[in-house]
Amino acid sequence: MSTLEDFRRETRAWLEANCPASMRTGMPDGELVWGGRTVEFKTEDQRLWFERMRDKGWFCPDWPAEYGGGGLTPEQNAVLESELRRLRCRPPQINLGIWMLGPVILEFGSEEQKRELLPPMARGEIRWCQGFSEPNAGSDLASLKTSAVDAGDHFVVNGTKIWTSYGDKSDWMYMLVRTNPDVPKQQGISLLVVDMSSPGIEARPIDLISGKSSFCQVFFDNVKVPKRQLIGPLNGGWTLAKALLQHERRAMSKFGEFSLPTHFDLLSIAGTYLPAQAASSPADVALRQRAYAMAMDEMAYSLTAQRMGEEARARRNVSGLMSIMKLVHSEQEKDKFEVLVDVLGHRALGWEGDAFEPQELALTKAWLGSFAQTIAGGSSEVQLNVIAKRVLELPEGNSGKQGK
Amino acid sequence: MSLVYSEEQQLLADTAAEFLMAKSPVTAQRKLRDEGAAEGFDAALWREMVDMGWSAIPFPEALGGLEFGCKGLGAVFEQIGRNLSASPLLSSVVLGGAVIELAGSEAQQAAWMAALIGGDKRVALAVDETPRHDPAAVALRATRAGDGYVLTGTKAFVADGLGADAFIVAARTGGQPGEQGGISLFIVAADAAGVQVSPMKTLDSRNHATLVLNEVRVGAAARLGAEGEGFAALDAALDRGRVCLAAELLGATQSLFDTTIEYLKTRVQFDVPIGSFQALQHRAAWCYAHLQLARSTVMAGLAAMDDPTLDAATRARMASLAKWKAGDAAHRISREAVQLHGGMGVTDELDVGLYLKRIRVAQASLGDGDFHVQRYGDLSTAEA
């Protein structure tokens with residue numbers, strides 16, 4: 001048996017030999033690789049990195065090898081993560097199944113489900129989408145209405161899901177359905193996995209204020225779902241959903257870490273668009289100060305992400321820090337784009353055409369897109385509830401049901 | 001650059017916490033205030049801090065220090081903030097000591113370092129003249145006279161100025177107020193002819209003074225470093241002070257935050273604890289988030305001071321970030337603490353007001369938020 005230090009040495013050597021240099025930079029927009037039946041690569045290096053990590057079992061390094069994982073201990077996995085971060089390796093793919101559903105199947109699924117669902121997931125062969133939100137439910141997830149009715153060897157699913165990211169491009173969905181309408185709402189929910197090519201499923205992309213989007217509404221019209229695709233106990237889905245959302249928060253903060261540095265750089269944009277110090281009007285001076293302060297808050301956030309990693313490695317409890325990351329990042333992004341729109345002035349008001357630079361148009365869309373960030377993935381208000389309840393342990397409220 | 005305390009630094013923090021809780025809780029600060037203690041701190045307590053080695057933490061072994069870095073010092077200052085403990089650790093040791101370490105000749109270091117570390121003498125740094133901190137704005141003049149200088153002018157808001165044995169005075173030997181060039185540093189004995197020190201009674205009940213220099217004669221040996229080139233050492237020393245003060249602000253804010261959360265859990269109105277109201281929960285959760293951001297910047301600021309591989313501009317930027325964010329979080333949270341305590345929050349009986357007052361003074365000291373935002377931005381864009 002090798003020691004942890006041997007493992008670190010071997011891992012570092014393997015990553016240095018196998019992670020192409022072009023996969024060790026920040027992640028530019030649109031360069032994400034999504035796993036699935038029709039995985040696409042923009043570059044040969046993306047394909048190499050994907051295949052090498054897949055064959056090593058390191059899409060999900062800490063899953064048992066029998067289900068296609070890397071079989072690493074938690075300690076080894078922590079070493080791998082720190083080495084990946086040290087080399088600034090990009091994630092080889094984005095896969096909701098691995099990040100969110102997989103751990104839930106490992107904990108709650110039957111042996112048969114683990115053998116059937118996990119190995120293809122671990123090879124990045126299935127692109128997953130998440131069917132949680134419904135029209136009119138908002139943050140009150142448990143009020144979902146999509147029904148699954150027992151029909152012997154299968155369920156019949158009817159209803160609709162909304163805000164499903166890449167619902168039109170995914171192979172399978174994990175979804176919450178109502179299997180008992182006659183009990184308190186959290187107690188009648190089950191978790192199903194569904195093949196998106198099943199008859200009766202239609203996914204329609206949703207246009208947003210920022211233009212075309214990856215969000216879809218997905219409609220279910222008498223869709224047959226075999227009973228073996230029920231994960232966990234019948235009507236016991238709420239517990240699984242809560243576990244899954246915890247994995248989502250972790251994944252989203254990881255996601256933020258990777259996508260952060262390549263977005264619009266406040267200080268350099270302020271430098272480009274605002275007149276030189278000497279020629280500044282008082283209004284320019286005030287605006288420049290706002291941009292600086294915003295850049296400082298952004299720095300405070302990325303230092304906090306760094307501190308979270310260090311505290312975790314020092315085996316300190318980081319659940320408090322983890323709970324603020326989504327809230328802070330999404331609120332800061334929104335504030336940042338407001339400042340940027342002010343800095344660009346008229347140049348930030350374009351929609352399309354040659355009168356505006358591509359970066360200016362992209363910024364306008366990003367500003368409009370930023371409004372979704374404090375709503376999607378648990379609204380800021382839900383995040384604040386979570387911090388108040390779980391971290392500060394403030395007493396349960398009488399101000400209505402709290403969010404997820 | 002690590003953003004967590006090492007085991008030794010944590011041990012130091014724990015020892016400091018234990019010591020201060022026993023010897024210098026907030027009640028001790030309240031007592032100093034009520035008694036109108038002129039120097040704003042308890043000399044016997046300061047002696048004990050010195051005996052524990054705190055005054056030796058940041059300095060190289062060659063100068064009699066423990067070489068334990070700013071991070072070690074930050075661990076202590078965080079506890080000082082939690083307890084609102086007053087002492088000349090910042091003014092005399094961190095700021096005064098840093099100027100002498102960075103700009104002093106061997107003779108000047110021999111004359112002062114052991115005395116500062118041993119707590120036998122103390123110095124106060126006299127920089128500001130205008131209502132807001134701005135070290136480049138120095139106007140106080142030092143004119144050559146024979147083989148020495150004559151200093152004339154006024155310094156305001158000199159921390160721990162009353163009772164100091166000497167002042168480190170930033171004076172202009174060239175250039176114009178606003179320019180970094182032309183600033184020279186002098187060490188001026190408090191009992192020199194023409195030196196006049198008078199109290200500025202500040203709302204945190206600490207020792208702040210006005211210093212008037214009326215044709216004060218000093219010899220050439222009183223000058224620290226080269227003539228007209230004092231700014232770099234002065235600013236580097238101020239940065240050490242800024243991150244330590246940021247750590248103190250963080251500690252004070254953490255303490256105030258903890259007290260407030262406890263109050264939300266126990267204070268009952270409308271038959272329920274007020275902490276069950278969502279409107280208050282959300283405000284408390286935001287306070288928590290800002291406190292965490294502030295902690296990250298303070299840890300990064302302290303670590304930057306200890307990192308010899310960083311250039312001066314990066315260190316300065318990290319110090320400004322820490323001072324700005326710690327001040328920002330302290331400001332938000334102290335205001336919320338008063339509001340969330342309701343009517344009790346504005347009574348003198350509760351300690352909340354003592355924290356609010358100390359935080360306001362610490363926020364303005366060594367550069368307020370606006371100062372540090374401008375400085376951070378200037379340093380960042382100059383680099384780009």
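Predicted model: local features only at pLDDT ≥ 70, side-chain atom pairs only at ≥ 80, totals over all residues.
Is Arg47(B) buried, exposed or partly exposed? At 35% relative accessibility, the residue is partly exposed.

**Stop 1: the Arg47(B) pair**

Arg47(B) sits in helix α3 (residues 43–51) of chain B, while Asp120(B) is in the loop between α6 and β1 (123–126), so the bridge ties together parts 73 residues apart in sequence. Asp120(B) is exposed, with a relative accessible area of 55%.

**Stop 2: a pair within one helix**

Move to helix α2 of chain B and show Lys31(B) and Glu35(B). Both belong to this helix, four residues apart, or about one turn. In an α-helix, residues three or four places apart point the same way, because there are 3.6 residues a turn. Here the side chains of Lys31(B) and Glu35(B) meet in a salt bridge of 3.4 Å, N to O. Glu35(B) counts as exposed, at 53% relative accessibility.

**Stop 3: helix α4 of chain B**

Select residues 69–83 of chain B. The 15 residues of α4(B) should span 21 Å at 1.5 Å a residue, and the end C-alpha atoms lie 22 Å apart, which agrees. Of these 15 residues, 14 are buried. Step just past the helix to Leu84(B), where phi is positive, about 55°.

**Stop 4: domains 1 and 2 of chain B**

Colour chain B by its domain assignment: domain 1 (7–118), domain 2 (123–228) and domain 3 (231–383). The C-alpha centres of domain 1 and domain 2 of chain B are 23 Å apart. In the contact, 22 residues of domain 1 of chain B meet 19 residues of domain 2 of chain B. Together these two domains bury about 1,500 Å², with 60% from carbon and sulfur atoms. Zero salt bridges cross between domain 1 and domain 2 of chain B, but eight residue pairs are in polar contact there. On the domain 1 side, α2 (26–35), α5 (89–103) and α6 (106–117) of chain B each give two or more residues. The largest share, seven residues, comes from α5(B).

**Stop 5: chain B against chain A**

Show both chains. The contact uses 43 residues of chain B and 41 residues of chain A. About 3,500 Å² is buried between chain B and chain A, 66% of it on carbon and sulfur atoms. Pick out Trp286(B), Tyr288(B) and Leu293(B): they supply 16% of the area that chain B buries against chain A, more than any other three residues.

How many salt bridges cross the interface of chain B and chain A? There is one. Select Lys325(B) and Asp297(A) to see side chains meeting in a salt bridge at 3.0 Å, N to O. The interface of chain B and chain A also has 13 residue pairs in polar contact. Among the elements giving at least two residues from chain B are α7 (231–266) and α11 (369–383). With 15 residues, α8(B) gives the most to this side.

**Stop 6: helix α9 of chain B**

Follow α9(B) end to end. Its 29 residues should span 42 Å at 1.5 Å a residue, and the end C-alpha atoms are 41 Å apart, which agrees. The helix α9(B) is largely enclosed by the rest of the structure, because 22 of its 29 residues are buried. Just after α9(B), Gly342(B) has a positive phi of about 60°.

**Stop 7: chain A**

Finish with Arg115(A) and Glu66(A), whose side chains form a salt bridge at 3.3 Å, N to O. Arg115(A) is partly exposed at 47% relative accessible area, and Glu66(A) is exposed at 52%.

Notes: Residues numbered from 1 in each chain as written. Chains lettered and ligands numbered in written order. Heavy atoms only, no water. Expected span 1.5 Å × (residues − 1). Buried < 20%, exposed > 50% of the residue type's maximum accessible area, 1.4 Å probe, protein only. Domains from an automatic or database assignment. Contact = heavy atoms within 4.5 Å. Buried area = accessible area lost by both parts, 1.4 Å probe. Salt bridge = Lys/Arg side-chain N within 4 Å of Asp/Glu carboxyl O. Polar contact = N/O pair within 3.5 Å; in protein donor to acceptor, adjacent residues only side chain to side chain.
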